[in-house]
Amino acid sequence: MMTTEDVSIKVDKDRLKAIVTRLAEWPNRNTNNPTLTESAEWVAAEFRKIPGVEVEMMAYTLPKSGRVPEEKQVVQVVATVKGTSGRMLIMGGHLDTINMVEGGLDSIAPGANDDASGVAATMECARILAGSKPKHSLVFVAFSGEEQGLYGSKALAARAVKDGWKIDAVLSNDTIGASENLIGQKDKARVRIFSTDPSTELGGGSRELARWIEYVQRGKVPGFGVKLVLRNDRFGRGGDHTPFMQAGFAAVRFIEVFEEYARQHTKEDLAKYVDFDYVAKVTEVNAIALAALSQAGEPPTRVRIGRSQGHDTTISWEGSPDAEYEVFWRDSASATWQGSLRTKGNRATVKGINKDDHEFAVGAFGGVPVPAR
C-alpha cells in the first residue's frame with residue numbers, strides 16, 4: 001500500500017484549461033436540456049481514459065418545480081477509483097449551468113467558472129490519484145441538477161444513506177476559477193472553505209474536516225492557502241455539499257474568495273475570465289487532502305482529556321495500539337489548529353499546552369481528527 005508521500009501531485013494547468021474551455025463551448029448545460037446529457041457523456045468519456053477509473057452514468061428523477069417545466073429522468077457522472085477498506089471519499093463539481101438574468105431554458109449559459117472549474121478540478125484529481133492504490137475508494141462526481149435545487153447531490157446522498165456508504169469526507173468545488181472581481185477585490189493566495197457549525201449540523205464533523213484540510217495543506221502549495229469560513233455556505237445560498245452534510249456526512253465547499261456576480265448565471269461566465277493558475281492551486285489543495293485521507297487508518301474513539309491539573313495536557317483514546325495517530329491543539333479563540341504531535345499507542349502528553357486555554361483532537365495519521373472531550 002502506498003503512503004501519502006508516495007503520491008506525486010502534479011497538477012496540469014493546461015489540462016484544466018482544456019476541460020473548462022470545452023465545457024464552455026456548449027451554449028448551455030441546463031439540466032432540462034439535451035446539452036446536459038451531451039456534456040455528461042463527454043465528461044464520462046474523459047474519465048474512462050484514466051486507467052483504474054470505473055464510470056457510471058447515474059440516472060435520477062428531476063421533479064417538476066419552478067425551474068423544471070416537467071418531471072424527467074436526467075443523468076450525472078460518477079467515477080470511482082476503488083479502494084479496499086469499504087470506506088470512501090467524494091469530490092465533485094456541478095456540470096449544469098443556468099442563465100438567471102435572461103431566463104429561458106435555452107439562454108446562453110457557458111458556465112466556465114460556475115462550475116466547469118469545479119468539474120475540471122475533479123477530473124484532474126481523478127487523473128492524479130487514480131494510480132495511488134488508495135485504501136479508501138475515491139468517488140469523483142460531475143453533479144447535475146444543482147441549479148434547480150441541488151437535486152443531483154440530493155439523489156447521490158440519498159443513495160449513500162440507502163446503501164450504507166461509509167463516507168469519510170465530501171469535498172465540493174463550486175466556482176473556484178476567479179481570483180478577482182470587477183470592483184477591484186483580489187485574492188490569488190487563498191481559497192475559501194465553508195463548513196457548517198457543529199451545533200447546528202445534523203451530523204458528520206464538517207467543521208473538523210475543514211480545519212484539518214487547512215492544516216494539512218499548509219506550506220505545500222507555494223504562496224497559497226485556505227481561508228476558513230465558519231458557516232455552511234454563502235448567505236441564503238447553497239451547494240452540493242449540503243445534502244451530504246444533512247445526511248450526516250462530513251462535507252465542505254471550496255469557492256474563490258471574491259466572487260464576481262455579473263459572471264455568475266449569465267452569458268458572461270466565459271473561459272477567458274477564468275484564472276487557471278488559481279484553479280490549479282485549488283486543485284492541488286484538494287489532491288493533497290484526498291491523498292492523505294485515502295490512506296488514513298480507522299479514526300480513534302472515546303478521545304478524552306486527562307483531568308489532572310498541570311502545565312501539560314494528557315490525551316487518551318481507544319484504537320489500535322500499533323497505529324500512528326496525530327494529536328492536534330489550538331487556542332480556544334483560534335479557528336485553526338496551531339500544532340500537532342505524531343505518536344503511536346493510545347495516550348500522549350502535550351508539553352506546555354494547558355487544557356484550560358486550548359482545544360484538542362486526535363486523528364489517525366492522515367485522517368480527520370476527533371475532538372477530545
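1. The count of salt bridges comes to 25, a salt bridge being a side-chain nitrogen of Lys or Arg within 4 Å of a carboxyl oxygen of Asp or Glu. The model is predicted, so local features need pLDDT of at least 70 and side-chain atom pairs count only at pLDDT 80 or more, whereas totals for chains, interfaces and linings use all residues. Residues are numbered from 1 along each chain as its sequence is written, and side-chain values use heavy atoms, with hydrogens and water left out.

2. D12 and R15 form a salt bridge, with 3.8 Å between the closest N and O atoms. D12 is partly exposed at 27% relative accessible area, and R15 is likewise partly exposed at 37% (buried means under 20%, exposed over 50%, partly exposed in between; 1.4 Å probe, protein chains only).

3. A salt bridge also joins the side chains of R22 and E25, at 3.3 Å from N to O. E25 is exposed, at 54%, while R22 is partly exposed, at 28%.

4. E298 pairs with R87, the closest N and O atoms being 3.6 Å apart. E298 is exposed, at 55%, but R87 is buried, at 10%.

5. Through shared partners, salt bridges link D174, R192, D233, R234, R237, R253 and E259 into one network.
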